[in-house]
Amino acid sequence: AIVDETGNDVPNGESGLLFIKKPWPSMIRAVWGDDARYRSSYYPSELRGYYLAGDGAARDAVTGYFTIGGRIDDVLNVSGHRMGTMEIESALVACTALVAEAAVVGRPDETTGEAICAFVVLKQPRPKGAEADRLAAELRAWIGKEIGPIAKPKEIRFADNLPKTRSGKIMRRLLRSVAKDEAITQDVSTLENPAILDQLTEAH
């Protein structure tokens, strides 16, 4: 079923939290040494004892099919508006004339609560200076048209590529640290190209 953050059912066609009413064999059974964390993370009291899957979803009003919208950890709250990073990333790469790849994360913002920070790989050499500013403005306008003004990234950083593991997974936790201007203290030994972190930091 799909509910809001207080456990109330969400109308078909609207996004909410996906939770599971019936158990299945492969579901997580415990967090080692931390039963309280297990219960609060997977069985929050407001969901009436059901299992929180950790994904956002919506149910089609006609077919009844569920569409998974991504991890709720990747949902941003910008001035009270909730939106998924996947939605913004999809809109960016839909600008096929310019964008080859994109990743979006949030960072704290005194005005909006969270600010949208986009890391973009273009289908052309990485721009700098005035050219980077021009292309960033163009992409913000594109996002405003595709989703709405509230979804425009506050910051866009261009790079030659994104920090990925050797298996091709984008390391979003590292991007969050870069967006917050934090020192990278996490293990980067699995990165395909560790030097890209310096480039992303310099792009600020």
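**View 1. Phe19, a buried ring in a predicted model.** In this predicted model, Phe19 counts as buried at 1% relative accessibility. The residue belongs to strand E2, residues 15-20.

**View 2. Phe19 and Tyr50, a stacked pair.** By the pairing rule, the count of aromatic pairs comes to 6. In one of them, the ring centres of Phe19 and Tyr50 are 5.1 Å apart and the planes meet at 15°, so the pair is stacked. Phe19 lies in strand E2 and Tyr50 in the loop between helix H1 (35-42) and strand E3 (51-59), so the contact ties together parts that are 31 residues apart in sequence. Whereas Phe19 is buried at 1%, Tyr50 is partly exposed, with a relative accessible area of 27%.

**View 3. Trp24 and Tyr51, an edge-to-face pair.** The centres of these two rings, Trp24 and Tyr51, are 5.3 Å apart, and their planes stand at 90°; angles over 60 degrees count as edge-to-face, so the pair is classed that way. Trp24 sits in the loop between E2 and H1, while Tyr51 is in strand E3. The pair thus links distant parts of the chain, 27 residues apart. Trp24 has a relative accessible area of 32% and is partly exposed. Tyr51, with a value of 8%, is buried.

**View 4. A cluster of aromatic rings.** Ring pairs join Trp24, Tyr38, Tyr42, Tyr43 and Tyr51 into a cluster.

How values were computed. Residues are numbered from 1 along each chain as its sequence is written. This is a predicted model: local features need pLDDT of at least 70, side-chain atom pairs count only at pLDDT 80 or more; totals for chains, interfaces and linings use all residues. Side-chain values use heavy atoms; hydrogens and water are left out. Rings of Phe, Tyr and Trp (its six-membered ring) pair if their centres lie within 6.5 Å; planes under 30 degrees apart count as stacked, over 60 as edge-to-face and the rest as tilted. Helices (H or I, at least four residues) and strands (E, at least two) are DSSP runs, numbered from the N terminus. Buried means under 20% relative accessible area, exposed over 50%, partly exposed in between (1.4 Å probe, protein chains only).
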